[in-house]
Amino acid sequence: MSSIISCPLPPDALLQDYLRGDAYTDCYATDIPQCVSQTQYVEAFYTTAIFRIERLLLKWLASKPSTDAQVRQLAAAAVDAFAAWQVESRSANQLLLRDYTGRTRSWLMVMPNDDAAASTRLYFGSAVVPVRRTPADPAELGIGFRALLGFHKLYSRVLLAAARRRLCKFVR
């Protein structure tokens, strides 16, 4: 996973609004030595073996099932909902999803690199939106989030590395 780096959000990232607020945000990136479309990236990301485990857990624990066919529809912009997520925003090279609780966001983006090798930078980021018990209370991410932050950072890197491997294997 050494090819996965933590980096600032690109200026035009759909996740930028959360960076400006009270939310926790992160951004990871990796380069892949080929041209990759947003559609290919989204499909590869959500169909990796590691993400299939998450999809299975969502099916069992949250009654939010999903299929690879639904992933392909999401990637092709044919649907705006997938498992536990709803599309919040999308563009030609980005996808921002909101989970069904409204607390988390997942963001994917592809960016062609400025090189002669026709490589692509893949981005993956998250936002966790704080809650307020009352309007007068400060926004809080919560003790559960703080306890799981180390796992979240590792899991984000694992997910991006898995998508990169999948794309290197299947996209030529």
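Guide: E88 is partly exposed, with a relative accessible area of 28%. This is a predicted model, and every value here is computed from it. R98 is partly exposed too, at 28% relative accessibility. R98 and E88 form a salt bridge, and their closest N and O atoms are 3.6 Å apart. E88 belongs to strand β4 and R98 to strand β5 (residues 94-99), so the bridge ties together parts ten residues apart in sequence.

The structure holds six salt bridges. Another of them joins D68 to R52, with the closest N and O atoms 2.3 Å apart. D68 sits in helix α4 (residues 68-75) and R52 in helix α3, 16 residues apart. D68 is partly exposed, with a relative accessible area of 24%. R52 is also partly exposed, at 35%.

R55 lies in helix α3, 13 residues from D68 in helix α4. R55 is buried, because its relative accessible area of 7% falls under the 20% cut-off. Together, R52, R55 and D68 form a network of salt bridges.

One more charge is worth a look. The charged end of K64 sits over the ring of Y100, 4.7 Å from the ring's centre.

Now to the rings. The count comes to eleven aromatic pairs. In one, Y46 and W85 have ring centres 6.2 Å apart and planes at 40 degrees, so the pair is tilted. Y46 is in helix α2 and W85 in strand β4 (residues 85-91), so this pair ties together parts 39 residues apart in sequence. Y46 is buried, with a relative accessible area of 2%. W85 is buried as well, at 9%. The rings of W85 and F82 have centres 5.7 Å apart and planes at 15 degrees, so that pair is stacked. F82 is buried, like W85. Ring pairs link Y41, F45, Y46, F51, F82, W85 and F124 into a cluster.

Helices α2, α3 and α5 and strands β6 and β7 each give two or more residues to the lining. The largest share, nine residues, comes from α5. By type, the lining divides into 21 nonpolar, seven polar and four charged residues.

Note on methods. Residues are numbered from 1 along each chain as its sequence is written. This is a predicted model: local features need pLDDT of at least 70, side-chain atom pairs count only at pLDDT 80 or more; totals for chains, interfaces and linings use all residues. Side-chain values use heavy atoms; hydrogens and water are left out. Helices (H or I, at least four residues) and strands (E, at least two) are DSSP runs, numbered from the N terminus. Ala, Val, Leu, Ile, Met, Phe, Trp, Tyr, Cys and Pro count as nonpolar, Asp, Glu, Lys and Arg as charged, and the others, Gly among them, as polar. Rings of Phe, Tyr and Trp (its six-membered ring) pair if their centres lie within 6.5 Å; planes under 30 degrees apart count as stacked, over 60 as edge-to-face and the rest as tilted. Buried means under 20% relative accessible area, exposed over 50%, partly exposed in between (1.4 Å probe, protein chains only). A charge sits over a ring if NZ of Lys or CZ of Arg is within 6 Å of the ring centre and within 35 degrees of the ring normal. A salt bridge is a side-chain nitrogen of Lys or Arg within 4 Å of a carboxyl oxygen of Asp or Glu.
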